[in-house]
Amino acid sequence: MRTLSCSGPDLAGRIARRHFVGQDRVAVAADADELIRLLAASRRADPRPVVINAQTRRGHADSLRAAGVPFVELPLRDYRICAEELCARMARGAGMVIVANPHDPTGGVLGADAVRSLCAAARRYGTLVVFDESSAEFALGPDFTSARWGARYGTDVCVLRTYGSPGFGYLIGAPAVVGRLAAPRPPAAPPSHDMVLLERLRAANRSARESLCRGLAELGVEFLPSSADFVLVRLPGVASRVADELRAGGHAWAADMTPIGLRDHLRVPVGREDDVAALLSRLRSILAAFPASG
């Protein structure tokens, strides 16, 4: 099937067929954060702690707060998720763990060994591990490993994905997990999404990301290697000012990461090649003006 039509009443069934799972393993909502909120709410009676990573997109923490579920945040280690620490938290009694793969905003990914260890720990300790793979469509490559196989066959693993822009979020997990979810908000206007077009978008993203990273390197700007459709940039002492200047110049999606604990960092989305060229040109002007104004 080359096209996933997202306009019919059987959207969950179409997603199930795409991923070769039963429809009872699929839930669809307006976005991935809505599904995290519903998962947390369905487990509110579980006294065991929920564990997430700090310095991660705010949707995880905000969704848990909205569900009235307390949580523990583990800091990243050198910008990376520490799978060993998450497994240790499961051994010590965590009831649910949420892990972003690819990580947002660093763009880092978990490999096969890390994903296998997290799934095995979830099975061993009875923890629900939720892999937020919202940016996975752009993370194809040898370094990235999806947990879809665990969500397809297991009972303690869920995978979250997003589809289209604007679009919707969906979850793949055990029927018992999906069946406990309250009725989610439906997608506002889910688009029809052609798989051939998706392949083109992936190729365009890779090309634009390479152009962005090459341009940042030429400007002497630090950044993290990314497997996603965004890049984390480090600008010590000026990141917030740069974000304001970029926003004023029409680049509103370049976001200051100080609110999530990554001071001096910007999350820069990868757009089209012309978007990248315009952003780099604006960034060059901003950085050149700072010494004179400081």
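Author: A polar atom in the side chain of Ser 146 lies 3.0 Å from the backbone nitrogen of Arg 148, which makes the pair a polar contact, that is, two N or O atoms within 3.5 Å, where within protein one must be able to donate a hydrogen and the other to accept it, and where residues adjacent in sequence count only if both atoms are side-chain atoms. This is a predicted model, in which local features need pLDDT of at least 70 and side-chain atom pairs count only at pLDDT 80 or more, while totals for chains, interfaces and linings use all residues. Residues are numbered from 1 along each chain as its sequence is written, and side-chain values use heavy atoms, with hydrogens and water left out.

The pLDDT is the predictor's confidence in each residue, from 0 to 100, and its mean over the protein chain is 89, with 90% of the residues reaching 70 or more. Over residues 1-9, however, the pLDDT is below 50, and where pLDDT is low, the predicted coordinates should not be read in detail.

Ser 146 itself sits in the loop between β6 and α6, where helices (H or I, at least four residues) and strands (E, at least two) are DSSP runs numbered from the N terminus. With a relative accessible area of 15%, Ser 146 is buried, a word that here means under 20% relative accessible area, as against exposed for over 50% and partly exposed in between (1.4 Å probe, protein chains only). Leaving aside residues up to four places away in sequence, Ser 146 touches Val 115, Glu 133 and Arg 161, a contact being heavy atoms within 4.5 Å.

Two of these neighbours, Glu 133 and Arg 161, are themselves paired in a salt bridge, with their closest N and O atoms 2.9 Å apart; the term stands for a side-chain nitrogen of Lys or Arg within 4 Å of a carboxyl oxygen of Asp or Glu. Because Arg 161 lies in strand β7 (residues 157-164) and Glu 133 in the loop between β6 and α6 (148-153), the pair ties together parts that are 28 residues apart in sequence. Like Ser 146, which is buried, both Arg 161 and Glu 133 are buried. The pair also belongs to a network of salt bridges that links Arg 18, Glu 133, Glu 137, Arg 161 and Arg 202.
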